[in-house]
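This briefing reviews selected features of the structure shown below.

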Amino acid sequence: MIWGLEDVRVTFGRRTALESVTVPVEPSGITVVVGGDGAGKSTCLRALVGLLEPRAGTVRRPAKDRTGYVPATAGLYADLTAAENLGFRARAYRLPAAERGPREAEILGRTGLAGARDRLGGQLSGGMQRKLAVGLALLHSPQLLVLDEPTTGVDPVSRAELWRLISGAAAGGTAVAVATTYVNEAARASWVVLLEAGRVLAAGSPDAILRAVPGAVGSARASARPAPRSWRRGADWRVWAPGGQLPDGVTRTEPDFEDAVVVAALAGEER
Amino acid sequence: MWAMVAKEFRQLRRDRRTVAMMIVLPVVLLVVFGYAANFSVSSIPTVVVGPGAAQAAAELRAPFRVTEVDAGAGPATARARLRDGRAIAAVVTGGSQTQVLLDGSQLFPVLTAEGALAKLPAARGTAAPRVRILYNPKLTTSWVMVPGLAGLILVFIGTLITSLGVVRERQTGTLEQLAVMPLRARDVIAGKIAPYLMVAAVDLVLIVAIGMGVFHVPFAGNVGTFALGAALFLLVTLGMGVLISTLSQNQGQAIQLAFMIMLPQVLLSGLIFPVASMAAGVRWISYILPLTYFIEISRGVMLKATPISALWQPIGLLAVLAVVVLGLAIVRFRRDLAPSARGVRSEAPAGAGVAGSRA
């Protein structure tokens, strides 16, 4: 592991927020931490960038000037323009004066915000704010990029653009950690950590998580819930049978990644 | 309607600060200010000089409190004592008529003294002393108020605006962003305070200029002394702003706290009521308020040309307050900014590093 958390425990008072959580983040890789609200995703990322101190375990991260972080709130100055936000960041990270102009223009180009450079941060749409926030975090070419739910509440087109930005950063050698509530986004990752109530339910590459689905998964077209371990996928129901014995009327299907995540969650509940 | 009432009380119970403000504060304010709000002066520090000093001193009754008797000294010493704030009244004996000098920057004590002096001849049947009011001969209220108001306005700007500025960063999440940036806590604080310091300094110049231009308040003393006092005072108020911000999660809380700090300064700093008239139980509060010392400096310098040598006490105390308040603010702000700085557990594989290798 180059960067990341190893066996980390975080507590808030008496409450344990993370328990022996390991999140590896490798250069050129995208680690996606996926989980529901309150699962501990933000806590993971905050521990990773040093905003909170774990009670136990090891945190590996580059120096502050080699780390980029986008909090869930985006962390922009609403009363500064896009260009001014970039300018402040560039000076805070001590970018050489000669590099600043070209670098800022490059980021505005990559984020598709060249036309919005003189608009106030607060006047940008939600999607544009997130893109600018990711652009700001990339400005100083970090070794580690940490993004807390960058796509939550963003329209599908902007989401695709954001992921293009994120993939581009990884392709350039940056180690990326992303928290998300969207299971389908985890399929883009090179490593997935499935988090529930501060514990890791499953971790590995999307393929490995898919291969590790225990038992059998089937699908049924029914108006009522066909079995206890079942969930909606579009118009159909999916059913998981830990023992491999699917109920009658349920046809066996090949689970996709989303199914694999749900199964992992169900298996975690039953453990 | 009852659903609304129950909900409101439930919310109120969670917001302890507001409850404290609504119940505890009025009680505290009433008690404190009841003892502090006192215009009448029972004790006026008085210096008696000249050949007949001993006899005059023996004849002086309350409210005059003789602090110094010097038969060998003359009018110059008497004036110096008033200028330096060591006495409010000075009795100069010798010559054709006994003279009483009063410090016009001390409105209420002087009014009390005048009243007491007016009764003297009737009681004793001797010639009335000649009364001269120095520094503010017409006892113009605005002359006394403007130097104090300048300080009060700076308290508002310094404390409130600074705290709001910092809390806004917390609320919008940019404080967290600052925390992960390669900035030192003291750079963030200094960078945050400096603009407000400059604006407040411009404000101060403006207030003093308006006071002089519109209200004809004199500026008799040394600008450097005034500037030193003002700079220290501003550092204390801005530090309080940062301190408030570290204790507040949102702008509403910051405003509440700022008002809790500003209100006592309005009433207990000597701006309106003389500090000396306050009951001993509340007077100590005055002595921990920065405005008390700033008013002493600004009135002294502007009206009486008090030299820096006589103001070392308020200036020194402001400096102490500045160190304490700013120090606390920095400690608390740093805790907000860099939790991982305490006993860092982060480490990096050999070659790449937390120590900061640049690829």
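This is a predicted model: local features need pLDDT of at least 70, side-chain atom pairs count only at pLDDT 80 or more; totals for chains, interfaces and linings use all residues.

The expected span of a helix is 1.5 Å times one less than its number of residues.

**Helices**

- In H1(B), the number of buried residues among the 13 is zero, and the helix is accordingly described as hardly covered.
- Helix H3 of chain A (residues 97-110) has 14 residues and reaches 20 Å between its first and last C-alpha atoms, close to the expected 20 Å.
- The buried residues of H3(A) are A:Glu104, A:Ile107 and A:Leu108.
- Helix H2 (82-92) and helix H4 (126-138) of chain A are the elements against which those buried residues of H3(A) pack.
- After H3(A) comes A:Gly112, which has a positive phi near 70°.

**Domains of chain A**

- Chain A is assigned domain 1 (3-206) and domain 2 (215-270).
- The C-alpha centres of domain 1 of chain A and domain 2 of chain A are 33 Å apart.
- Ten residues from domain 1 of chain A and six residues from domain 2 of chain A take part in the contact.
- On the side of domain 1 of chain A that touches domain 2 of chain A, two or more residues are given by each of helix H6 (183-186), strand S8 (191-196) and strand S9 (199-204) of chain A.
- H6(A) has the largest share of that side of domain 1 of chain A, with three residues.
- By residue class, the side of domain 1 of chain A that touches domain 2 of chain A comprises eight nonpolar, one polar and one charged.

- Strand S6 of chain A (residues 144-148) is mostly covered, with five of its five residues buried.
- A:Leu144, A:Val146 and A:Asp148 point one way from S6(A), while A:Leu145 and A:Leu147 point the other way; all are buried.
- Strand S5 of chain A (residues 67-70) runs parallel to S6(A) and is joined to it by four bridges.
- Within that pairing, A:Thr67 has A:Leu144 of S6(A) as its bridge partner.
- S6(A) also pairs in the parallel sense with strand S7 of chain A (residues 175-180), over five bridges.
- Here A:Leu147 is the bridge partner of A:Val178 in S7(A).
- A right-handed β-α-β unit is made by S6(A), helix H5 of chain A (residues 156-171) and S7(A).

**Antiparallel strands of chain A**

- Strand S10 (residues 216-220) and strand S12 (residues 236-241) of chain A run antiparallel and are joined by five bridges.
- A:Gly218 has A:Val239 of S12(A) as its bridge partner.
- S11(A) pairs with S12(A) in the antiparallel sense over four bridges.
- One bridge partner pair of S11(A) and S12(A) is A:Arg232 and A:Trp237.
- The hairpin formed by S11(A) and S12(A) has two residues between the strands, and A:Gly234 in the turn has a positive phi of about 60°.

**A:Trp231**

- A:Trp231 lies in strand S11 of chain A (residues 230-233).
- A:Trp231 counts as partly exposed because it has 16 C-beta neighbours inside 10 Å, whereas a buried residue needs 20 or more and an exposed one has 12 or fewer.
- Leaving aside residues up to four places away in sequence, A:Trp231 touches A:Arg238 and A:Val262.
- The C-alpha atoms of A:Trp231 and A:Asp259 are separated by 9.1 Å, with the two residues 28 residues apart along the chain.

**Domains of chain B**

- Chain B is divided into domain 1 (44-134) and domain 2 (141-339).
- Taken over C-alpha atoms, the centres of domain 1 of chain B and domain 2 of chain B are separated by 36 Å.
- The contact takes eight residues from domain 1 of chain B and eleven residues from domain 2 of chain B.
- Helix H5 of chain B (residues 107-124) gives the most to the side of domain 1 of chain B that touches domain 2 of chain B, namely three residues.
- That side of domain 1 of chain B divides into three nonpolar, three polar and two charged residues.

Terms used:
Residues are numbered from 1 along each chain as its sequence is written. Chains are lettered from A and ligands numbered from 1 in the order in which they are written. Domain bounds come from an automatic or database domain assignment. Two residues are in contact if their C-beta atoms, placed from the backbone, lie within 7 Å. Ala, Val, Leu, Ile, Met, Phe, Trp, Tyr, Cys and Pro count as nonpolar, Asp, Glu, Lys and Arg as charged, and the others, Gly among them, as polar. Two strands pair if DSSP finds at least two bridges between them. A crossover is right-handed if, with the strands pointing away from the viewer, the path from the first strand over the helix to the second runs clockwise.
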